[in-house]
Amino acid sequence: ASQHLTNRNIFILPSGFGFSYLVFVFVLFLLGTNYQNNVIILLSYLFASVFISTMLQSFFNLSGLKLHCHQQVSTYAKQLAHFALTIDSEKPRHSVVFQFPQQEKHLQKKIELGTSVVNIPYCSEKRGINIPGRIRVSSEYSLGLFTCWTQLDFGCEVITYPQQKKFQNLHSSISAHQDDEHGINVVEGGDDFGDLRQYRPGESISQIAWKQLARGQGWLSKTNQQQQGADVWLRLNDLPSADLEVKLQMICYLMLEQYQQGQRWGIDLGNNKVSPDIGKKHLSHCLTLLAHYPIKKIHAQAQDE
């Protein structure tokens, strides 16, 4: 989970421009010695010293960094997830690039002194448990003569939910379960008057039953209620598709629809059932079950390169 950059895990080589620069310095030195021109020789020495100084500056731009990465994130298929990489630095750093294998690069132009956070993008193409691989941390600071890099394995993992797929005839794929003889659930809250209960200190004065108080019945609070439809069951086998992945995409869409409507809903995946409930925690639990159905581990290509 934590890495410290030192000379044991940092690599440095001249870039393409650096090799061209080195050839130029060598040719300049040959010309100076061939024509016995001290000015040209002195100029080649000056360029060579710049080359060596830049090599040291490039190395120390990464050396000493302490990195810590959150190991697990969640996202939907074909959507970007971001890993929060926490960086501790004892001095400012410049032009550092962070990248997972075959993913979008993130250029951090300046890393400030102290602790900072960098968000590294990763796009999951398929549902399942995706292992992005190693994070490549590189820099060509300051003159682009050298490429200094390292590859760090933080054990990162992406829980990838199915991509949402909208389809027709939504109501035919939803089953209702009635909890009482009327098929209606009554929950607290809403605009309709419900009942009276004992007053609780700290409640709004607008909820106080003033008429009952005036009659000497004590401090009471009015409660409102609203009627909520029957519990909804989303069943995988009822969805109109023969392909499992498409079914999972459909049920993912239905889950989000029910969540946004505030409806109590549950899912039936055949080998796993979740009782109807509401809230973000319930949604997250069900989405995780979809990601693990069946469990897939997708390793990024060339993660050890």
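Mentor: We start with a cut-off: buried means under 20% relative accessible area, exposed means over 50%, and partly exposed lies in between. Keep in mind that this is a predicted model.

Trainee: With that cut-off, is Glu245 buried or partly exposed?
Mentor: Glu245 has a relative accessibility of 25%, so the residue counts as partly exposed. Its salt-bridge partner is Arg127, with 2.7 Å between the closest N and O atoms. The pair ties together distant parts of the chain: Arg127 sits in the loop between strand 8 (114–123) and strand 9 (128–131), while Glu245 belongs to helix 4, and they are 118 residues apart. Arg127 counts as buried because its relative accessibility is 4%.

Trainee: How many salt bridges does the structure hold?
Mentor: There are five. Another one joins Arg264 and Asp231, at 3.0 Å from N to O. Here too distant parts of the chain are linked: Arg264 lies in the loop between helix 4 and strand 17 (265–268), Asp231 in strand 16 (residues 231–235), and 33 residues separate them. Arg264 is partly exposed, at 25% relative accessible area, whereas Asp231 is buried, at 3%.

Trainee: Which residue forms a salt bridge with Glu90?
Mentor: That is Arg93, with the closest N and O atoms 2.9 Å apart. Glu90 is partly exposed at 48% relative accessibility, but Arg93 is buried at 0%. There is also a salt-bridge network, made up of Arg235, Asp268 and Lys273.

Trainee: What is found at the start of helix 4, and what follows the helix?
Mentor: At the start, a side-chain oxygen of Asp243 comes to within 3.1 Å of the backbone nitrogen of Glu245. After the helix comes Gly262, which has a positive phi, near 75 degrees.

Trainee: Which residues of helix 4 are buried?
Mentor: A general point comes before the list. An α-helix has 3.6 residues a turn, so residues three or four places apart point the same way. In helix 4 the buried residues include Lys247, Leu248, Met250, Ile251, Leu254, Met255 and Gln258. Cys252, Tyr253 and Leu256 are buried as well.

Trainee: And how should I read a strand?
Mentor: In a regular strand the side chains alternate between the two faces of the sheet. Take strand 3 (residues 66–69): Leu67 and Cys69 form its covered face, Lys66 and His68 its uncovered one.

Trainee: Which strands pair with strand 3?
Mentor: Strand 1 (residues 2–4) pairs with strand 3 in the antiparallel sense, over three bridges, and Ser2 has His68 as its bridge partner. Strand 5 (residues 80–89) also pairs with strand 3 in the antiparallel sense, over four bridges. There, the bridge partner of Lys66 is Asp88.

Terms used: Residues are numbered from 1 along each chain as its sequence is written. This is a predicted model: local features need pLDDT of at least 70, side-chain atom pairs count only at pLDDT 80 or more; totals for chains, interfaces and linings use all residues. Side-chain values use heavy atoms; hydrogens and water are left out. Buried means under 20% relative accessible area, exposed over 50%, partly exposed in between (1.4 Å probe, protein chains only). Helices (H or I, at least four residues) and strands (E, at least two) are DSSP runs, numbered from the N terminus. A polar contact is a pair of N or O atoms within 3.5 Å; within protein, one must be able to donate a hydrogen and the other to accept it, and residues adjacent in sequence count only if both atoms are side-chain atoms. A salt bridge is a side-chain nitrogen of Lys or Arg within 4 Å of a carboxyl oxygen of Asp or Glu. Two strands pair if DSSP finds at least two bridges between them.
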